[in-house]
Amino acid sequence: MRAKISYVITAAVLVFYFVLVGSRGVMLIQSGTAITVTFGVAVLILPVIGLWFLWKNTQFVRRANALAAELDAEGGLPVDELQRTPSGRIDRDSADEVFAKRKAETESAPDDWRSWFRLAVAYHDARDTPRARKAMQRAIALHDGRPIGA
């Protein structure tokens, strides 16, 4: 729940910032000179890119959470079998061991979104965020019946 609250607060601050920057871009455009209009258009591009990025990430998180809820309802969420250090961090060797199991599971069932979801969790536990995201995107695409990469 704390993560959701943090995400909402961060998104709200970003939207406020985008509105603030966008209003400055409009003010520059309203000045009417060639240079201020050029800068105004350039400034307006930033909030558009930011809003697009925020939207795509929010959609990704919502879809991943929906898959987690579906997998939980089926009783298929991965069990936390990781060893932890005294400080509570995941032990690297333990994460690598679980990752090897998840990777083998995914290789034996490459069209199963559930195995890709569990592999994404294993990547995340191994602190490989880019691959975790790609694996989760693949799980989402397989679940939705979309071609991979669409």
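Q: Before we start, what is pLDDT?
A: pLDDT is the predictor's confidence in each residue, on a scale from 0 to 100. It applies here since this is a predicted model.

Q: Which elements have the lowest and the highest mean pLDDT?
A: Among the elements of the protein chain, helix α3 (residues 92-108) has the lowest mean, 87. The highest, 94, belongs to α5.

Q: And what is the mean for the protein chain?
A: The mean pLDDT of the chain is 89, and 99% of its residues reach 70 or more.

Q: Turning to helix α2, how does its end-to-end distance agree with its number of residues?
A: Helix α2 covers residues 34-74, which is 41 residues. At 1.5 Å a residue the helix should span 60 Å, and its end C-alpha atoms are 61 Å apart, so the two values agree.

Q: What comes just after α2?
A: G75 follows, with a positive phi of about 80 degrees.

Q: Which residues of α2 are buried?
A: The buried residues are T36, G40, P47, G50, L54, N57, Q59, F60, A64, L67 and L71.

Q: What covers them?
A: The cover for the buried residues of α2 includes α1, α4 and α5 (129-144).

Q: What about V43, then: buried, partly exposed or exposed?
A: V43, which is also found in helix α2, counts as partly exposed because its relative accessibility is 22%, and the buried class ends at under 20%.

Q: Which residues does V43 touch?
A: Leaving out residues up to four places away in sequence, V43 touches V21, G25 and L28.

Q: Changing topic, which residues make the nonpolar surface patch?
A: The patch is made by M1, I5, I9 and V13, and its area is about 450 Å².

Q: Where does V13 lie, and is it buried or exposed?
A: V13 lies in helix α1 (residues 2-31). V13 counts as exposed because its relative accessibility is 53%, and the exposed class requires over 50%.

Q: Why would residues three or four places apart point the same way?
A: An α-helix has 3.6 residues a turn, so residues at that spacing point the same way.

Q: What is S115 in contact with?
A: Apart from neighbours within four places in sequence, S115 contacts E105, T106 and A109.

Key: Residues are numbered from 1 along each chain as its sequence is written. This is a predicted model: local features need pLDDT of at least 70, side-chain atom pairs count only at pLDDT 80 or more; totals for chains, interfaces and linings use all residues. Side-chain values use heavy atoms; hydrogens and water are left out. Patches are made of residues with over 30% relative accessible area and no salt bridge: like charges are joined within 9 Å, nonpolar side chains (Val, Leu, Ile, Met, Phe, Trp, Tyr) within 5 Å. Accessible areas come from the Shrake-Rupley method with a 1.4 Å probe; for residues, only the protein chains shown count as cover. A salt bridge is a side-chain nitrogen of Lys or Arg within 4 Å of a carboxyl oxygen of Asp or Glu. Helices (H or I, at least four residues) and strands (E, at least two) are DSSP runs, numbered from the N terminus. Buried means under 20% relative accessible area, exposed over 50%, partly exposed in between (1.4 Å probe, protein chains only). Contact means heavy atoms within 4.5 Å. The expected span of a helix is 1.5 Å times one less than its number of residues.
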